[in-house]
Amino acid sequence: MTQTGPIVHPTLHAERPVEPLLKVSGLSVAYGRIRAVDGVDLAVEPGRIVSLVGSNGAGKTTTLMALSGLLPLAAGKVEFAGEDITGLAPELRVGRGIAHVPERRRVFAGMSVRENLVLGAYSRGDAIEIAGDIERLTALFPILGKRMHQAAGTLSGGEQQMLAIARGLMSRPQLLIMDEPTMGLAPQMIDLILDTVLEIRKLGTTVLLVEQNAVEAIRLSDHVYIMRLGRIVHEDGGANIDPERVKAFYMGVDA
Amino acid sequence: MTALLEARQVVVRFGGLEAVGGLDMAVARGAIHGLIGPNGAGKTTVLNVLTGFIRPTAGRLVFDGEEIGGLNVNGFARRGLARTFQNIRLFGAMTVLESVLVGAHQRFSSSAPALIFGGRAARAAERAMIARAHELLTFVGLGREVVDRVATTLSYGHQRRVEIARALMSSPKLLLLDEPLAGMNALEKQEIADLVRQVRAQGIAVLLIEHDMQIVRSLCDHLTVLEYGKRLADGAPEKVLSDPAVQAAYLGRTR
Amino acid sequence: MDYFGQLLANGLVLGAIYALTAVAFTLVYGVVRLVNFAFGELFMLGAFLTTSLMLPEVRLLGTVVPMPGFPLPIAALGAIVVTGIIGVVVDRIAYRPLRNAPRLAPLITSIAVSVVLQSLAQTIWGAEELRFPQFYLATLEPVVLFDSIYLSVMDLVVMATAIVAMLGLSLFIARSSLGRAMRASAEDQTAAMLVGIPVNRVVAAAFAIGSGFAALAGLLYAQTYGFAHSSMGFLPGLKALTAAVLGGIGSVPGAALGGLILGLVEALGAGYLPNGTAWKDAISFVLLVGLLYLRPQGLLGRPELNSAGRGSLLGGASSAGVGWLQAVFARFDALLTRGAAAGTPAAFGLLAVAVVVGLMVPSDYWLRILTMVVIYGMLASGLNVIVGFAGLLDLGFVAFWAVGSYLTSILFVLVLKDGYGIAPQEVWWLLYLNLPLAGLLAAGFAVLLGTPTLKLRGDYLAIMTLGFGEIVRVVAINWMDLTNGPMGIRGIPAPNLFGISLGSPRAQFFFALALAVVVVFAVARLVRSYVGRAWVAIREDEEAAEAMGVPTARYKLYAYAASGFVGGFVGVFYAHSQQYISPLNFSLFENILLLMLVVLGGLGTFIGPFVGALIWIAFLQLALDLPFVQAYPETRFALLGVVLIVLMVFRPQGLAASARVGLTMPGARAKEAA
Ligand SMILES: Nc1ncnc2c1ncn2[C@@H]1O[C@H](COP(=O)(O)OP(=O)(O)OP(=O)(O)O)[C@@H](O)[C@H]1O
Ligand SMILES: Nc1ncnc2c1ncn2[C@@H]1O[C@H](COP(=O)(O)OP(=O)(O)OP(=O)(O)O)[C@@H](O)[C@H]1O
Ligand SMILES: [Mg+2]
Ligand SMILES: [Mg+2]
């Protein structure tokens, strides 16, 4: 895999310590007696792209679900924009500026594409600007524009993924959490999504990204966390991580 | 040699939308046949047609010399077409062993009284199939420790393997896989690819939908490229992938 | 014309009332995919509250209480608001803790809520009707249309209210942000939360609005027919549910249309068909069954709603409850898991316990109760095949049971004794012939009734089978020559073996136990084979099962047949053990009771149905001894309802759910491990 194309390498303000937008300390989550996530610490600084990589079953999705309040914490603390949001209901976190594009898309299957987008802005008070935002997003994902009145459940897998991302962006989040946004996408579409991630950051949105596609993720991230068996096993600036080493981390015991 | 599966002039319309428009396609015996194309091109729709899930609006299907267009879904399975799903569909609440045994359904024939009164033949069939299930689970790389776990609580990659074992349990002539590698890391993709090669080595043909071009290039004997429901290219992988039309429609800069 | 016009007017009024209630069902179903049976009772509360608020004084709990005597509009508004609040409270207590529970758990609590509300109403307002007071509008001259149709002013008010309310609601759902949020919550609650929808509040709003509609319908009903009564909500509730399904559940215009059609068909049918009033209740169900056969999603419903519904029928433990309670359950679960893993030895152990209990219990009274436990346990096991294993929510199971009971009773009493004067003792062996015969007959009947349901899934299937059950019951009541009608059949002989009567309670208990062994053994053998695996696969994902080569339609019919066989088989013994049967024994309530036993005990387990039966019947008896219940007998069912809700909230997966059954043939794996 060669690095072609215009990747802005983003270690510009890496040295200056900034107050993190999202700060997670000692996060643990259990399914019954099994601890799927065990004492995870994360810090996501504003305006950055931070990714969380790791093999199947490492606990990435579980971590994200806990961050958006969908799973109860066994231990730990989540702070967002300087406030403790540990016990906050998931729907209120959207209002604070966190949007989560979940694994496997979860679009509202029986509702039209347009309705899905409008619902993405549910937490916003400004009804007037919604139409404008939808227009901007359809410029980004032209296929969605063509499918505006089709039921979301009948879209192809890739189209649904685009819709899920667009729906997440409709809340104009400060932090966009994306769980495997490139899953099931065609190569061209993956490029588009990854470019979009950079685009989103340029507009001032911070991104927390989970990707299986570690090489690509590392390439565009400012900071990378590597997760295995529920723990963070390594972290570093995106530029400092050699994708080949990530593979070594994956292999560990039990892959 | 005649093709194993032939689709002639298949058309699928959803209301006004023509998802597949007059497709001709032939899968050779013992081949790994890749079906690729942009998101929304109609690949899953084609796979659904080939497994009886969707009745095509027009067109014919010939499998192993027999017209199969009029059969219902279980009829397709009984003729030797087994599939996996783009979104994994394992039976919740069933253990791995039980789920895999469902794949062998058509190979049981004991009557209700024989089952109730414990006929010897019924017991022998059950034993034989359980032994075969264990073989296949080992074949797909799952250990004894997962055999009695509820299949849906396994990690994503393991669930994929269970799905493949379940499909193989019916001793199919053609295995149809819809994006079996989505959501896996490079290492796991390689493992599944090896598995698919071994399936071919047993004389089972494979139809594979996949977006990872590295894998497709190394794995497939033949490729069909779809775009907007029409065949854009068809032939040997190297030839097809170097076709400028395919590159423009499908391949991104990084692949 | 005169007559027709009048029937038409009656039909329109009734239709408007059904439509309003149907909207309540549809609205809540549309948001949480729950058939909230309690709407019938909220309908009744609306009627009582309005009536009470309009009267100068009412007798409550036996004492006369002065009331404000409001005019109708104010009283109605008050009743709607109060009922809306009750609806929200009910949701909070009985449904919200079960949002992630198996799908049948909230269905069962909704039935429990019905029972609680109904017996509370009976406790508060008494068992008599409360007359709806006279008021100004009702005294106005009727309006005459086309010289022949007399419509009272209130009839017009009823229709106008219904139209305005439904138009308003339709617009609200389609256009408003809250309406959109309701639909989104229905699709995927997790995704709804992720876009910032406060799902719990949205659901509460749906309950509030739905309950308000039910109350409105109830008060209009009370006004039209002139009374309020604690059991008035049951039948209209059922009809409204039928109307909602007829129109396509989840669709508000569909509910309106369904209600209207049902009201008209009933009014006209009752007026024109010979003996129309007697068959009135069957008409709506025939209509329902016929329509669902032709159009599985209902008139205006979306086809994709005809699906198994979100969430599994099984699984999904509750996290409710304090630590020590969870610990107790964990201990209990471990025991069950071990027992289920042991399989046959555990079954023999349980049988030994049952035999010892049967020998030791001294009182006939308790032996009779234990016999009932075994009978209900067996029937529930039969239902468990179709609901628990194959995942088809069958609410018409009682029909199979009735087939068995009637077959043997008709043969023994109406044909042999009354027809040919043959004493039952002379043909004692016929009972043993009837057991398998009735099983086969009921199995055939089950296949017959099952065939038209094959295209249906989830709740639609439930409603269609409910329709079948009701049709069978109405037929049993009205087909006097065959069944003796509502008088039932008396003098069914007790079981007898070689001339020795097995009529004593102890003998009956052991007879029942022997049958239970047969039933459980046969069911277990089928389930622990490729047949059972095919059933469970259908339950979990019908399409995937089909793709694996399972002919799902055929296996669904097998499940119906197996379940029907058990129903007919046990029905024979039931008749001989009770010695008297009537259509009342085979009501919808009995079916729901059986379903409750299965869910309470644990769907898809062998022991669950018996655990459910034991707990339920024991509670039923123990509650009789409470001093409070002796003072207020009506509260007995309220108390049981509360117990049921508590059990469901803490154990939504059923008490014995951990006794999960393996789906491979016992013994077939023992060798493989070695
Ligand atoms: N509902 C559940 N019940 C029990 N265990 C679960 C559940 N969901 C996930 N797990 C387990 O928790 C662990 C972490 O799963 P998680 O889905 O967070 O992994 P992931 O890193 O997102 O993997 P993937 O790349 O496959 O999506 C896995 O071992 C998985 O089996
Ligand atoms: N039931 C349906 N109703 C209407 N349109 C549909 C339906 N099913 C699929 N489509 C449309 O048909 C087209 C082909 O869909 P399909 O799922 O076959 O794509 P695909 O090639 O598998 O894409 P992907 O790689 O994203 O999975 C899409 O544009 C989709 O929106
Ligand atoms: Mg994940
Ligand atoms: Mg697809």
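Modeller: Starting with chain A: among its contacts between residues at least 6 apart in sequence, 68% join residues at least 24 apart. Keep in mind that this is a predicted model.

Biologist: How many helices and strands does chain A have?
Modeller: Chain A has 9 helices and 10 strands.

Biologist: And what share of the residues in chain A is buried?
Modeller: Of the 255 residues in chain A, 56% are buried.

Biologist: Pick a helix there. What is the reach of H7 in chain A, first C-alpha to last?
Modeller: H7 of chain A runs over residues 187-202, and its 16 residues reach 23 Å. That is close to the expected 22 Å.

Biologist: What comes just after H7(A)?
Modeller: A:Gly204, with a positive phi of about 100°.

Biologist: Now interfaces. How many residues are in contact between chain C and chain B?
Modeller: On the chain C side there are 36 residues, in contact with 39 residues of chain B. Between them the two chains bury about 3300 Å², with 61% of it on carbon and sulfur atoms.

Biologist: Which three residues of chain C supply more of that area than any other three?
Modeller: C:Tyr530, C:Arg533 and C:Met548, which supply 23% of the area chain C buries against chain B.

Biologist: How many salt bridges cross from chain C to chain B?
Modeller: The rule finds 4 salt bridges across that interface. C:Arg660 and B:Glu98 meet in a salt bridge through their side chains, at 2.7 Å from N to O. Polar contacts between chain C and chain B come to 13 residue pairs, both residues being at pLDDT 80 or more.

Biologist: Which elements of chain C give two or more residues to that side?
Modeller: Helices H19 (505-527), H20 (530-540), H21 (542-547) and H27 (670-673) of chain C. H20(C) gives the most, with 8 residues. By class, the side of chain C that touches chain B divides into 20 nonpolar, 5 polar and 11 charged residues.

Biologist: Switch to chain B and chain A. What area is buried there?
Modeller: About 2600 Å² is buried between chain B and chain A, and carbon and sulfur atoms give 49% of it. The contact takes 30 residues from chain B and 31 from chain A.

Biologist: How many salt bridges are counted between chain B and chain A?
Modeller: The count is 0 salt bridges. Polar contact is found for 3 residue pairs across that interface, both residues at pLDDT 80 or more.

Biologist: Which elements of chain B give two or more residues to the side touching chain A?
Modeller: Helices H6 (156-168), H7 (186-201), H8 (213-219) and H10 (244-249) of chain B. That side of chain B has 12 nonpolar, 14 polar and 4 charged residues.

Biologist: Back to salt bridges. How many are there over all chains?
Modeller: A search of the whole structure finds 37. One of them is in chain A, where A:Glu159 pairs with A:Arg147 and the closest N and O atoms are 3.4 Å apart. A:Glu159 is in helix H6 (residues 157-169) of chain A, while A:Arg147 is in the loop between helix H5 (142-146) and H6, 12 residues apart.

Biologist: Are those two, A:Glu159 and A:Arg147, buried or exposed?
Modeller: Both A:Glu159 and A:Arg147 are buried.

Biologist: What about B:Arg60, which residue does it form a salt bridge with?
Modeller: B:Arg60 pairs with B:Glu67, the closest N and O atoms being 2.8 Å apart. B:Arg60 counts as partly exposed because its relative accessibility is 41%, and B:Glu67 is partly exposed at 42%.

Biologist: Last topic, C:Asn591. Which helix does C:Asn591 lie in?
Modeller: C:Asn591 lies in H23 of chain C, residues 588-601.

Biologist: Why does C:Asn591 count as buried?
Modeller: Because its relative accessible area is 0%, and the cut-off for buried is under 20%. Leaving aside neighbours within four places in sequence, C:Asn591 is in contact with C:Leu383, C:Asp394, C:Leu395, C:Gly396, C:Phe397 and C:Val398.

Definitions and conventions: Residues numbered from 1 in each chain as written. Chains lettered and ligands numbered in written order. Predicted model: local features only at pLDDT ≥ 70, side-chain atom pairs only at ≥ 80, totals over all residues. Heavy atoms only, no water. Helix = DSSP H or I, 4+ residues; strand = E, 2+ residues; numbered from the N terminus. Expected span 1.5 Å × (residues − 1). Contact = heavy atoms within 4.5 Å. Buried area = accessible area lost by both parts, 1.4 Å probe. Polar contact = N/O pair within 3.5 Å; in protein donor to acceptor, adjacent residues only side chain to side chain. Nonpolar A, V, L, I, M, F, W, Y, C, P; charged D, E, K, R; others polar. Buried < 20%, exposed > 50% of the residue type's maximum accessible area, 1.4 Å probe, protein only.
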